[in-house]
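Please read the points below with the coordinates open beside them.

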Amino acid sequence: MEAVWEKPVIVFFREKLSKPETEPFAVVKARRLTVNRSDKTGAYKGKITDFFTYMGDVDVISPAKSPYVLCWMDDREDDFGKAWRRLTGVTFPRGLSFKVKAGKRTYQAAFEAKHAKLE
């Protein structure tokens, strides 16, 4: 199974199970978000392609950090109550990479997630 969202705005939270965060540490705009689910393991893997920050700092994300929660709205859904999508237990095994163009950073990232709400 593969799911793709074009031009999503993704909100990043640190995953804290004892006291969930209500304020994001970063908000990004991406060209594409792709999520794949393995039929064998049930794990999720994906990519965030060509993204930049609207708010916060994604440079604090590293492979050694604790997991994250990523949230975004699915523009194909008319009902706002049903449009929220979420990935939890998200890690970035290789960290983030970026290119600098005209003085601005454009990032790429591959991730793994434990759980997902994609519908």
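1. The count of salt bridges comes to 6, where a salt bridge is a side-chain nitrogen of Lys or Arg within 4 Å of a carboxyl oxygen of Asp or Glu. The model is a predicted one, in which local features need pLDDT of at least 70 and side-chain atom pairs count only at pLDDT 80 or more, while totals for chains, interfaces and linings use all residues. Residues are numbered from 1 along each chain as its sequence is written, and side-chain values use heavy atoms, with hydrogens and water left out.

2. One of these salt bridges joins the side chains of arginine 31 and aspartate 50, at 2.7 Å from N to O. This pair links distant parts of the chain, with arginine 31 in strand 3 (residues 26-37) and aspartate 50 in strand 4 (residues 44-56), 19 residues apart; helices (H or I, at least four residues) and strands (E, at least two) are DSSP runs, numbered from the N terminus. Aspartate 50 counts as buried because its relative accessibility is 18%, buried being under 20% relative accessible area, exposed over 50%, and partly exposed in between (1.4 Å probe, protein chains only).

3. Which residues does aspartate 74 meet in salt bridges? Aspartate 74 and arginine 76 meet through their side chains at 3.0 Å, N to O, and arginine 85 forms a salt bridge with aspartate 74 in which the closest N and O atoms are 3.4 Å apart. The latter pair links distant parts of the chain, arginine 85 being in strand 6 and aspartate 74 in the loop between strand 5 and helix 1, 11 residues apart. Through shared partners, salt bridges join Asp74, Arg76 and Arg85 into one network.

4. Leaving aside neighbours within four places in sequence, aspartate 74 is in contact (heavy atoms within 4.5 Å) with Trp5, Ala83 and Arg85.

5. Strand 5 is mostly covered, with 5 of its 6 residues buried. It pairs in the antiparallel sense with strand 2 (residues 9-14) over 4 bridges, and valine 11 stands opposite cysteine 71 in strand 5. Strand 5 also pairs in the antiparallel sense with strand 6, over 5 bridges, where two strands pair if DSSP finds at least two bridges between them. Tryptophan 72 stands opposite arginine 85 in strand 6, and arginine 85 is the residue that forms a salt bridge with aspartate 74.

6. A last point concerns threonine 88, which is placed in strand 6 (residues 84-90). Threonine 88 counts as buried because its relative accessible area is 16%. Not counting residues up to four places away in sequence, threonine 88 touches Glu15, Tyr68, Val69, Ala113, Lys114 and His115.
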